[in-house]
Amino acid sequence: MTGQDGKRTVQDSKTDQMAAAAQAADAPAVAAVNVGKVFDGKRGAQVVALEDINLTVARGEFVSLIGPSGCGKSTLMRLIADLDQPTSGDLTVFGKSAQQARLDQDYGIAFQQAGLLPWRTVRQNIELPLQLHKVGKAERSARSTELLKLVGLTDFGDNFPDQLSGGMQQRVAIARALAESPNLLLMDEPFGALDEMTREHMQGELAHICAETGAAVVFVTHSIPEAVFLADRVVVLSPRPGRIRAIVDVTFTGSVERTEHLRESDAFFSSVSEVREHLHGSADANPLGVDN
Amino acid sequence: MKATFGATKGVIPPLLLGVVTLLLWQLAVVGLDIKPFVLPSPTAIGGQFFENMPTVWSNSLVTGFNSLVGVVVGAVLGILLAVIASLVRTIDELSSAVVAAAMVLPIVALAPVLYGMFSASQQTARQLVASLAVFVPVYVNTLKGLHQVRPVHRDLMRAHAATTWQTIGTVTMPTALPFIFTGVRIASSLAVIAAVIAEYFGGPIGGLGKSITTAAASSNYPLAWAYVLGSIILSLVFYLAVLAVERWVLRNRGS
């Protein structure tokens, strides 16, 4: 429960705002310095989930986190979202603490499960963040109409989530994440549960949406082609304890726009191979553990 | 949740069973010459029921009102305390023993004691017994429902910096709602049973339970059964009323 969140004084938020204004102008979307996370396991055993993570995500940059299952990539995203706290190191979001960024609603978030509220219509689900932050009804409704159009669900605003397919539900979740036009989008395998065709279609749509909104994105995935297709940089994590093994720059000369043609290009294939090599470590490393 | 009001197919078999049972009952009483103090025939009970309709009705109102007070007070207290228990772990742990005790306690057995505590000429003791009978299932079911919140929804509310009360209003209570309704539905007929039986142990004149004991004491068994029939109808009304509200609410919100 987050009881303390509501009890911030006016004075607090004023100083925060001033400090934020001074820092935030040129601060990167995410800056992690030597970040580590240790979970307390059973009987005092400790599990090191992340170690020495140094990562900067620039404003408007799309960064994919990829790694074998259990490498801590979701944990890293949860630290940025302030859903968990790092046990060591320093993590800032737009120059503020992760907690402050969460309280200021600087990011939008989408999970592997769509996580829609089944008793609310699609439109009410998209409006949830706005409603929580007391945005007026008319403004809410205008924004949700806009977002429904953006994710191609204009005709489904009054439906309930369980009347939609998995792909459509995920699109609603993305629309919800975009509701407050955040400068940072955090996505934890949002397409993980979708079939390949829907998935590629959604990737295309996401690339389009990101180009349109100009938000920075931290995108957790375990699919190499997905990471390469979407990202400006792919961060490859090692198996537990999660460390950054390599950061692959994905630059496609000539075309900035990510369309279906990109998937057929040589540049795409070479980036895929590069990420795959890093992911599997040395040539003799065990390739198991990457479910792609 | 799909409502299935119009499913006549599901209604016919139990209806048929009821009619056959009544027929067999009637035949057995007449054919085997069973005396009314052992078991009156359905027609005799029905005759008494319709003959004494005004008194059955006025007594039903007394018991019905006691039960209604019980449902409202018990449900409100049950839901409220369950919400508090879900927020404060210590209360949850402290109350679990009390609730376990309340679950095995025959609550109507408290009636004579309560008649002593409150005035025996007032309905208070009966309403209190009904409230207690309602409280337990509502509390237990609500608390269970409040624990059903999915982790992804909890993360979502935290990510959006929702306050505790916003989280309860937008996620926790809606998640618990079907469980709360189950609790109230079970409790609604328990309330009538408790209110009727509490009347067996004394208290003011009036009420179906009181009328059953009075009629039985004067050996008017068909009349006693007519009042029993009245209590059955009363508790059925309570059950169906809650069921109707439940169906309506859950259908209108889509899940």
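**Confidence and two residues**

Guide: Chain A averages a pLDDT of 79, and 84% of the residues score at least 70; pLDDT is the predictor's confidence in each residue, from 0 to 100. This is a predicted model, in which local features need pLDDT of at least 70 and side-chain atom pairs count only at pLDDT 80 or more, while totals for chains, interfaces and linings use all residues. Residues are numbered from 1 along each chain as its sequence is written, and side-chain values use heavy atoms, without hydrogens and water.

Visitor: Which element of chain A has the highest mean pLDDT?

Guide: Helices are DSSP runs (H or I, at least four residues), as are strands (E, at least two), numbered from the N terminus. The lowest mean, 53, belongs to helix α1 (residues 10-24) of chain A. The highest, 91, belongs to helix α4 (residues 122-132) of chain A.

Visitor: Is A:His222 buried, partly exposed or exposed?

Guide: A:His222 is found in the loop between β8 (216-221) and α8 (224-230) of chain A. Buried means under 20% relative accessible area, exposed over 50%, and partly exposed in between (1.4 Å probe, protein chains only). Because its relative accessibility is 17%, A:His222 counts as buried.

Visitor: Is A:Gln112 buried, partly exposed or exposed?

Guide: A:Gln112 is found in the loop between β6 (107-110) and α4 of chain A. Its relative accessibility is 37%, so A:Gln112 counts as partly exposed.

Notes: Chains lettered and ligands numbered in written order.
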